[in-house]
Amino acid sequence: MVSNSSNTHEVNNKKQIINNSMDSNVIDKYGFCFPASGTLKRKTETEEEKEIRLKQLTGAVTTILECLGEDPNREGLLKTPERYAKALLFFTEGYEKDINEVVNNAIFEEDHDGMVIVKDIEIFSLCEHHLVPFSGKIHIAYIPDKKVIGLSKIARITEMISRRLQIQERITKQVCDVLEEVLQPKGIAVVMESSHFCMVMRGVQKTQSCTITCNTTGVFKEDIKLKEEFLSLIKH
Ligand SMILES: [Zn+2]
């Protein structure tokens with residue numbers, strides 16, 4: 001059993017932040033659940049309010065089309081604003097979820113103390129700087145400390161986190177943070193590889209570039225061999 005006091009301290013601090021920020025504009029600075037008060041509003045709104053949101057967003061997309069120099073009234077574009085508004089709401093559906101719902105008590109007492117790896121989980125997200133998609137794969141490993149999580153929940157957690165306006169570095173970190181929060185395992189390692197359309201289609205136009213981010217905690221941080229074992233196991 002390896003204890004990592006700085007980690008424990010970090011988690012406590014985060015909890016503190018969540019509690020302290022309940023009254024502020026930012027509901028959850030940590031970003032697991034509600035990064036802004038508007039997020040909470042979105043999550044708790046009525047069917048009627050959902051309709052209003054969709055209408056507003058549809059209007060905004062019509063404005064975008066006009067700004068592009070297009071005619072929103074031509075046949076091919078008539079339904080585009082509403083379609084795109086619905087698509088955007090789907091791409092950001094993660095804002096309507098929170099950890100407790102996603103994990104849904106699927107944490108089990110178990111003596112297994114070997115590495116648990118879930119690899120090649122597909123990720124689709126929107127870059128918060130350009131609102132352009134990025135997609136890739138995430139690989140997750142943890143060493144349990146008497147608690148394991150239902151495997152499908154790991155994929156659900158990555159969905160909750162990636163279906164928001166994101167950057168890859170934060171997805172990698174938040175997946176780690178959520179697992180730390182719900183499992184307090186001996187260690188976590190998360191690797192994400194992704195291709196960003198804001199790099200491929202604009203800017204530097206590097207079509208083959210792949211961005212890799214990695215986050216580790218606990219034993220994965222301390223034990224280089226363990227980290228190497230994880231990296232070799234996720235190799236294609
Ligand atoms: Zn971008």
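**Stop 1**

Start by selecting Glu193, which you'll find in strand β6. Is Glu193 buried, partly exposed or exposed? Its relative accessible area is 23%, so Glu193 is partly exposed. Keep in mind as you click around that what you see is a predicted model.

Now show what surrounds Glu193. Setting aside residues within four places in sequence, Glu193 is in contact with Ser135, Gly136, Lys137, His139, Gln168, Cys210, Thr211, Ile212 and His236. Then pick Thr172 too: Glu193 and Thr172 are 21 residues apart in sequence, and their C-alpha atoms are 9.8 Å apart in space.

**Stop 1: a buried isoleucine**

Next, select Ile138 in strand β3, which covers residues 133-143. How accessible is Ile138? Its relative accessibility is 0%, so Ile138 counts as buried.

Who touches Ile138, once you skip residues up to four places away in sequence? The list is Val118, Lys119, Asp120, Ile121, Ile123, Thr158, Ile171, Val175, Val190, Val191 and Met192.

**Stop 2: two helices, α6 and α7**

Thr158, Ile171 and Val175 are among the residues that touch Ile138, and they turn up again here. Select helix α6 (residues 151-162) and helix α7 (residues 168-183).

For α6 and α7, the axes come within 10 Å and cross at roughly 135°. The two helices are therefore oblique to each other, and their crossing is right-handed.

Show the side chains where they meet. From α6 you need Ile157, Thr158, Ile161 and Ser162, and from α7 you need Ile171, Gln174, Val175, Val178 and Leu179. Colour the residues of this contact by class and you get 6 nonpolar, 3 polar and no charged.

**Stop 4**

Move on to Gln184, in the loop between α7 and β6 (187-196). Gln184 has 36% relative accessibility, so it counts as partly exposed. Leaving out neighbours within four places in sequence, Gln184 is in contact with Asp145, Lys147 and Leu179. One of these, Lys147, is 37 residues away from Gln184 in sequence and 8.0 Å away in space, C-alpha to C-alpha.

**Stop 3: another helix pair, α3 and α4**

Now select helix α3 (residues 47-67) together with helix α4 (residues 80-91). At what angle do the axes of α3 and α4 cross? The answer is roughly 120°, and the axes come within 8 Å. Here too the helices are oblique to each other, and α3 passes α4 in a right-handed crossing.

The α3 side of the meeting place is made of Arg53, Leu54, Leu57, Thr58, Val61, Thr62 and Leu65. Across from them, α4 brings Pro81, Glu82, Tyr84, Ala85, Lys86, Leu88 and Leu89. By class, this contact has 9 nonpolar, 2 polar and 3 charged residues.

**Stop 4**

Asn105 is exposed, with a relative accessible area of 70%.

Then select Asp120, in strand β2 (residues 116-127). Asp120 is another residue other than glycine with a positive phi, near 60°. Its relative accessible area is 29%, so Asp120 is partly exposed. You've already met Asp120: it is on the list of residues that touch Ile138.

**Last stop: zoom out**

Clear your selections and look at everything at once. How many helices and strands does the protein have? There are 10 helices and 7 strands. Of the 236 residues, 42% count as buried.

Among contacts with a separation of 6 or more, 69% are between residues 24 or more positions apart.

Terms used
Residues are numbered from 1 along each chain as its sequence is written. This is a predicted model: local features need pLDDT of at least 70, side-chain atom pairs count only at pLDDT 80 or more; totals for chains, interfaces and linings use all residues. Side-chain values use heavy atoms; hydrogens and water are left out. Axes are lines fitted to C-alpha atoms, for helices over the stretch in contact, and angles run from 0 to 180 degrees between N-to-C directions. Helices (H or I, at least four residues) and strands (E, at least two) are DSSP runs, numbered from the N terminus. Angles under 35 degrees count as roughly parallel, over 145 as roughly antiparallel, 65 to 115 as roughly perpendicular and the rest as oblique. A crossing is left-handed if the near helix is turned anticlockwise from the far one by less than a right angle, and right-handed if clockwise. Contact means heavy atoms within 4.5 Å. Ala, Val, Leu, Ile, Met, Phe, Trp, Tyr, Cys and Pro count as nonpolar, Asp, Glu, Lys and Arg as charged, and the others, Gly among them, as polar. Buried means under 20% relative accessible area, exposed over 50%, partly exposed in between (1.4 Å probe, protein chains only).
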